Structure formats: structure tokens, C-alpha cells
Amino acid sequence: MSKKLVIVESPAKAKTIGGYLGSDYIVESSIGHIRDIPSRAKDAPEKLQDEWRRTKYGVDVENGFKPLYVVSATKKKQVTKLKNLLKEADELYLATDEDREGEAIAWHLHEVLKPKVPVHRMVFHEITKPAIEAAVANPREIDQRLVDAQEARRVLDRLYGYEISPVLWRKVRPKLSAGRVQSPATRILVERERERMAFVSASYWDLEGEFTVPSDPDRIQFAATLVSVDGSRVASGRDFASSGKLESDAKLLDQEAAVALAEGLSGADYTVESVEAKPYTRKPYPPFRTSTLQQEAGRKLRFGTGRTMSAAQRLYESGLITYMRTDSTTLSAAAVGAARKLVTERYGAEYLPAKPRTYAGKVKNAQEAHEAIRPSGDDFVLPQTVASTFGPTSDEAKLYELIWKRTVASQMKDAKGESIAVRLSATAATGEYVLFGASGKTILFPGFLRAYVEGSDDPDAALDDQEKHLPAMAEGEAVDVVDLEAKGHETKPPARYTEASLVKRLEELGIGRPSTYASIISRIQERGYARKKGSALVPTLVAFAAIALMEQHFTDFVDYAFTARMEDDLDQIAAGDQDAEPWLHAFFFGNGHPGLEDMVAENLDVIDAREINSIPLGDAPDGQPVVARAGRYGPYVQHGEDTASVPEETAPDELTVELALELLAAPSGDKILGTDPASSQTVLAKSGRYGPYVQLGEPEPGSKEKPKTASLFKTMTLDDVTLDQALQLLSQPINLGKHPELDEDILVQNGRYGPYVKAGKETRSLEAEEDIFNIDLDGALKLLAEPKKRRGRQAAPPLKELGDDPASNKPIVVKDGRWGLYVTDGETNASFRVGDTLEGITPERAAELLELRRQKQRGN
């Protein structure tokens, strides 16, 4: 009997598809990509290491920009397994995802396995029995254009990252990275923070009142706000520039004028000046594509992009939704039929439009068309069923319900209603003629709103679909004032980007692909360019320095239009309208303009690291400038020769001259203790990211050698540590003499996990830090002779319990480990990131950290 081998990317996908195909099929996974361009020569097989060294980071730029591919060390075992399975097969089906990445995986499998049997490219948008059977019956060839386009992107990203990242290492901080999408995305965050730093708040006042209509039997109170005085519109927040200056001819009320006007209106008669009713229609939202799903899950479910895509991946692999990486909003005829059937059954025929709704429209730089993200099959599984499978509070259940409702709502009738604008007039005792405004909204027919209401990044806009009733009233009718109050307001700086709004902005600019946004946003945080504060992404001073360097010396590579044009060019390569090799040649070597290689060579020596890392905050009262810097060992502020560390959680827009001077004046800042008599170097007490410490001397300019440091004991503070104590701390490690059996020096010192003695590889812990200076050679030998043990320690209880993880359904707790605080569900551990605190960590943030860690482990 003939056997057919089907290869997919993931084990979960293989399990689902294997259940649909008969015993004639063997379904196995590649577990993602099987080969890639090695990062270093030593990552390549020995016979290819010299070849890697002859290339540019694994790309042969002199011979058609051909990449050097090697099978990943972690995938060799799986490749061997696939080769053995292929020996028993008569046909091979490559069933990887139908996008550029999936097409590339299929091509790499073909290149590595070298099959001698017929090969078929099997594609599908959903993992259902009919879809899989149709895919087997209608295979195609590997699309070389998609493969070439993916390879061009991979080569471009390798050259971009490996050329520019070392510049950041030398001029800003080690281990930073630059990227074609990552760097412009970071610039978006930095520009918004610059706007917040430059923002000047303005104050304005108005009047707010509560009114009733005497003819209303229910005497419903409604709110109205002052809109004009003597025909002049009253200023509101939108009338001010970010500089705090009034930009219109609106009348600006201060507190004194507003209070006086309120007093003048005491006892005034109010009349309905006008009532204007307008009908309105709201059309349903299109079905989800990747970016809109990420945005809506962020708004409604508080999911990060990575968490959203992971839950969607599990739903797809379980056969519950269509492929989740798509730019399309179209639905198949079967899906439209299923949605329309549900509309009739659940909401009634009056909610079903006469004709099916179609959604065209393509996003900028859209990738190859798929169907929209929707429940799979032609008979959608109900959300309750998914909740019973994964658990009602699981990410999968929440996300599926969102997708299900959006899909069904997309095939419902428009919502219809009436909006009402009312003006109330009165004359103050002091003669001013004023108008108050009130608005209401009535939904006459809910239409699709019965099933779904979209979220919004703007809390005020989120109220658009909600009713707001006003009592019936007519022009000329008297109204009673219940309460009238002068209210002061402050303009607010522009909001920071959340993951959802950053995705929206990237897509608007045509930068990157929705399928990569989750990994890009994760990488920005991992590299220390941004941290989470609630749901907001706060850029760090490191991000400011890196973007300043890019803006000044690699302008095009953080230019939004240039980046979008690169996407257009890569799309033309995918469409076969442009060849990859000449395009890459022009990018790297130049073509009438400097190429990447020359730009790096020309700029490296002229970049002033100190200038790049400096953010002017303003002048101190003595006229000297105050600056913030992204130091190699953490952020700090400087005024003259004085410096002070900046707490990691401080946002750039919070860094003012006043705060900087406060940090500089604080006793816990850097402090000169005196001079070391042995070396004549200054001894300093400092506050660092890992706690207080003492330091001998300052680093020499241009030297890679770091000054000697030692942490303070837990019983010491920066305020009271003395020079003698500091010199004693700096004397570590203390050499007590030779071990007679091991012939190794016995050293005693303090470490990250406490005080200890060491002889070669043998270590033993001391009971107290003070024992470092009390133990002698005999005591150390006696301690080292004891068996190594935990000395009676028990596992510490968790610091905080956060409920069950939506993905694993296991309890999440916070623990303190050897590398600091982390969250765990017993299977996966995820370290806290910059900005995360024990007090501030939420169940949602903990679940997000765990999911990001799982993605990294899977290689996503």
C-alpha cells in the first residue's frame, strides 16, 4: 500500500490534520524553519566556516547576494526523522502555511530532503476536513516568486541588522540591535515621547450645569456645558497648541471669569433656544484581518500582540478559525452563508440584509490575499463550545468569541438612530448672553450592534455607539437649572502608544507586515528600547540615543516613507515585477547614492557618542545646562561635573530640570568617600541598578577596563558607609592561602547569592556577610570539607499569587530567583522586564510575559 508523507510546521497542526486524513497518510511537522543563515562562522558546519568568513555575515554580496544556509543544530534530529519517513513514502506533500514564510519553509524542506518521489505543494486557509481533502486533491507547485521575496527580506534584514547594530554597540550600549521595521517603530515611540516632553499644559474654564424640563413627568436630569458667551465660542482643549498657546479666536475663560459668570447666572431664566435632530446610520465593521484583530484584542481583552497571535495560532491549529496572518477582509460564499444563517437564527430575519455584504479594500502594501479571519467551516462552532473545550476564561475562548461576533455582525443590517443637539439660552445679571449645549443619541434600530460594538483607543470615542437620552423638549420651552458650577480643565499631552495603537500606526505608514508586528513589539521591549507602563509603551533613554544616532547618520533607515517604499519594492519582487539581486546590490553598494556599506564606513568615526547619548533638559538656576544620558551602565543626569543615576522606571517625559536637581542633591546619589591610600584613586559610593555599591576610581577614557566595585552589605546604606568600610569591601576577594589538597587559592567574597568561600570549583556559602572578614584559613578548610548542601533551606513561598494562566490553566505565581523576580505557571518561567514591579504586576501582564517566553522558546 502506498504511503504519502505530509509535512506541516507544528506538531499541533500535524495532529489535527492527521485526524482528517486516512491511514495512507503520515503527517509530521518540521517544527518551524529547519535552516537559516548562521549568525556566526562557528554556527556553521566546520567545512562551511571558511565560506561564511568569505561572505558578509553569511551573505555572498559579491555573487548575487546568495545566502549561506545551514540546518539549525536544534533541527538536525527532526530533519533526520523526516528523511527516514520520506524513504517509506511514495509521495510528498508540503503543507506549510500559504504565505511567504510558509512558502520558504516548503522550499527549504524540498532543498534539504531532496525527494526522489513526486512532490506536491498543499495549501489551505482553514484546517477542516473538507478544506484538507480539497487541498490534497488540488495541489500546486512551490511558488518561486514568494520564495525569492522571502529570501530578499531575509538577506536585507541580515545586512541591515549586522551592519548598523555594531555601530549602536560602540556608540550607545552593547547588545542593542537595529532593524528595518524595529528601528522606525522605535522612532514612532520616541517621537511621541518628545511631543510629551515639549508639551506645555494650558488651563481653561467653563460652566457645567444639570437641568430638567418642567413638562417632563419623570423630571430626568441632563447635563449641558457652556458653549458661547455673547456669540463667541468658549475655548476648549482643542483650541490650544502643544505649546499651551490659544490657537483660535475662541473666548478663554479663567477661574475668576468663570466663577463670576456662574454667580451672574444665579436665578437666571433658561430657555430652549434650538432642538436639532438628525438621523444617523452606522455600517458594520469588516471581518478581522491580522492587524485589526491585534488592535481589537488589545482594546477589548487587554491582550498584547504576541498573546493575541499565540491564542489565534492555537485556534487555527485546532481547526476553529481560518489562517490568522492575512490582509484580506473577504469572506468565502460558504462563510457568508453560515453567518447569514446565524443572523436569522439568533437575531431574527429583520436583522438580515437582502443581499450578502461584501468587503473589498486592501490595506497599504497588503500581502498575498487570504480570506479574513473567521470561524472555520460552513457551520461555525458556537463560542460556548470553544469555552467548554479550552475553559471559559482561556485566551482562546475570549478571542474566538470576539472573532465569532465580528464575523456574524459583518453580515447584519446597519444600525440606525437619531442624534439630537440642544441649545439652552440665558442672560446673566451682568448682561452676558450665554448658550449651553447638550447632546443625545437614540438608537432606533440596533442592527449589527446587537452582536458587536467595536472598541476604541480613545475612551470618549468608545461612547459613540451608546445611547444617551434627553427628555423631550421644544424650542422656546423653559427649563430649570438644578445645579451650575464653574469647572477648570487642563490640556493633556498626546497619549503614549499602546501595542494596539502602534500596530495601527505602523499599518497606516505601510511599515512592516501585520504578521511580524507581534515579534517586532516584543523585540523592542527585549532590547530595552521600551517598557510597559500599564498598557502604554514607554521609550527609554537608550531608545532616544539609538534613534538620535539613526536620525543623524542613517536618516533613510528610520524614515517612514523610505521604509514603506522598501515594502513596495519587496512586493514587486514577490509579484515578479522586479529582480531581487539588483535591488539588493543598490541597497548595499549604492546606485547613484551611498549604499549601506559606505554609509557605515563613513559615519562610524564621526559619530560623537557623548552627544548622541545626551538629552538636554534645560538650564539650572546657575545657568549651567542639565542633561540626561543613556549611560552604558544605566541612565543618569548631569549638571556640571555632578552626576546621579536615574531610577529605571522614570519615563523620559518625567525628567525635568527640577527632578534632575533633586536626584543630584539626594544623599543616596554618588558620593565621594575619600582617597585610597594605596592607589591614590578616589573611592565613590554609588547607587546602581542592582543596589548600592562602592567603586575605586573612574573609568579611563577609551579604556575597556572597568573600575573595581563591591556591593554594600545589607546592613549598610549609602548615607552612612565610611571610607574604611569601602576599602574593606573593595579588598575582596580575600586570598586566605592555598588548599593543601586541591592546590588552589582559597578565596572569600560576597556574590550575587550571598557570601561564600571558593577553592577552584568547590564553593561553600557563609552564614553572614560579616563572616567574609572574620573567617580564617582553618575555618575555610573546615567549611570546604563539609558536604555541599543547602544548609537547611526550604523552597521559599511565592511572593504573589495571580490566578490561573489562560494558556496552561495552571496557577501563576511570582517568585524571586537567582536572576531576580519572575512569574511561573510551573512549566514556563518568565523574568520581570524593566518597569515590572511586584506591586504593579497584574494577572494579564503575567500571562503576557509567560506567552512571550513561550514564543521565544518556540523560535517565533
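**View 1. The hairpin of strand 16 and strand 17, where Gly-534 takes a positive phi near 70°.** Two residues lie between the strands of this hairpin. The model is predicted: local features require pLDDT of at least 70, side-chain atom pairs count only at pLDDT 80 or more, and totals for chains, interfaces and linings use all residues. Residues are numbered from 1 along each chain as its sequence is written, and side-chain values use heavy atoms, with hydrogens and water left out. Strands (E, at least two residues) and helices (H or I, at least four residues) are DSSP runs numbered from the N terminus. Strand 16 (residues 530-533) pairs with strand 17 in the antiparallel sense over four bridges; pairing requires that DSSP finds at least two bridges between two strands. Lys-533 stands opposite Ala-536 in strand 17. Strand 17 (residues 536-539) is covered on both faces, with Ala-536 and Val-538 buried on one side and Leu-537 and Pro-539 buried on the other. Buried denotes under 20% relative accessible area, exposed over 50%, and partly exposed in between (1.4 Å probe, protein chains only).

**View 2. Strand 20 between its antiparallel partners, strand 19 and strand 21.** Strand 19 (residues 625-631) is joined to strand 20 by six bridges, and the hairpin linking these strands passes through two residues. Four bridges connect strand 20 to strand 21 (residues 642-645). Tyr-636 of strand 20 is the bridge partner of Arg-629, and the partner of Tyr-636 in strand 21 is Ser-645. In the hairpin of strand 20 and strand 21, which has two residues between the strands, Gly-640 takes a positive phi near 65°. Strand 20 (residues 634-639) is largely enclosed by the rest of the structure, because five of its six residues are buried.

**View 3. Strand 12 and its antiparallel partners, strand 13 and strand 15.** Eleven bridges join strand 12 to strand 13 (residues 415-427), and Pro-279 stands opposite Glu-418 in strand 13. Strand 12 (residues 270-282) is also joined to strand 15 (residues 478-490), by two bridges. Thr-271 faces Ala-478 of strand 15 as its opposite residue.

**View 4. Ser-376 in the loop between helix 11 and helix 12.** Helix 11 spans 333-347 and helix 12 spans 383-390. Ser-376 is buried, with a relative accessible area of 7%. Leaving aside neighbours within four places in sequence, Ser-376 is in contact with Glu-126, Thr-128, Gly-319, Leu-320, Ile-321 and Thr-322; contact means heavy atoms within 4.5 Å.
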